[in-house]
Amino acid sequence: MQIYSSSPFQRTWQVLTDLFAIAAIAVAWFFSRATFDAISNLAVFGRGMEDAGSQFQSTMTDAAEGIGGVPLIGDQASAPFLSAAEAGGILITAGQDQQDSVAQAAAVIGWAILLLPILILIPMWLIPRVRFVVRSTRTRRLQREDGGRELLALRALVLANPSQLRKVSPDPVRAWREGDPAAVDGLARLALKHAGVKAG
């Protein structure tokens, strides 16, 4: 497998783009984590609300139980405290809902900050890099196979610029058809160069 081009200029460009992509992902991950933590800290209000509701509910329930033991008037006297305890339950639920909302928002925004640069990098960086690796690896394998030089020469006739082809031969198509060794070798080298593969 060939990851980088044999051409110094192209190899330098590939290394720089790889470093940039890795740095962009690292920065995105850092900001994603920081944003997630910052938003998650907002759940403290919900936790405080839940704790306050729990304490209020516990206090009212204890008071209702205490008054409920009084003969004759116990049930009637404890009713307002039980109603207040229910209000504490509403406060607990509101606090839990706030914490759930904050957790969902933190997760969604955190993932969005991380995934957005990655989704941008996939078509701009990752796919071209994968294509290069696949193409260069196949080209290296092809030049070692029987008839590989001829196939590489044919590839050069298809992909190379006319000016590049004329440097190899005044009539490169005819030279390839006739199997001119020098022309076939020159065309094959041109295809290898185009693929970023060193002639072997």
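The paragraphs below take up a helix, a pocket and a cavity.

This is a predicted model, in which local features need pLDDT of at least 70, side-chain atom pairs count only at pLDDT 80 or more, and totals for chains, interfaces and linings use all residues. Residues are numbered from 1 along each chain as its sequence is written, and side-chain values use heavy atoms, without hydrogens or water.

Let's begin with α1, which covers residues 8-40; helices here are DSSP runs of H or I with at least four residues, numbered from the N terminus. From first C-alpha to last, its 33 residues reach 47 Å, close to the 48 Å expected at 1.5 Å a residue (1.5 Å times one less than the number of residues). Q14, T17, D18, A21, A28, S32 and I39 are the buried residues of α1, with under 20% relative accessible area for a 1.4 Å probe, protein chains only.

Two of these names, Q14 and T17, return in the lining of the largest pocket, alongside residues including W13, W125 and F132. A pocket is an open set of points on a 1 Å grid over the protein atoms alone, with protein on both sides within 12 Å along at least five of seven lines, and lining residues have an atom within 4 Å of a point. The volume of this pocket is about 170 Å³, and α3 (74-144) gives the largest share of its lining, six residues.

Finally, the structure holds one cavity of 30 Å³ or more, where a 1.4 Å probe fits but cannot get out. Its lining includes R155, L190 and H194, and α4 (148-159) and α7 (181-195) each give two or more residues to that lining.

Conventions
Buried < 20%, exposed > 50% of the residue type's maximum accessible area, 1.4 Å probe, protein only. Points joined across faces, edges and corners; volume = space filled by probe spheres on them.
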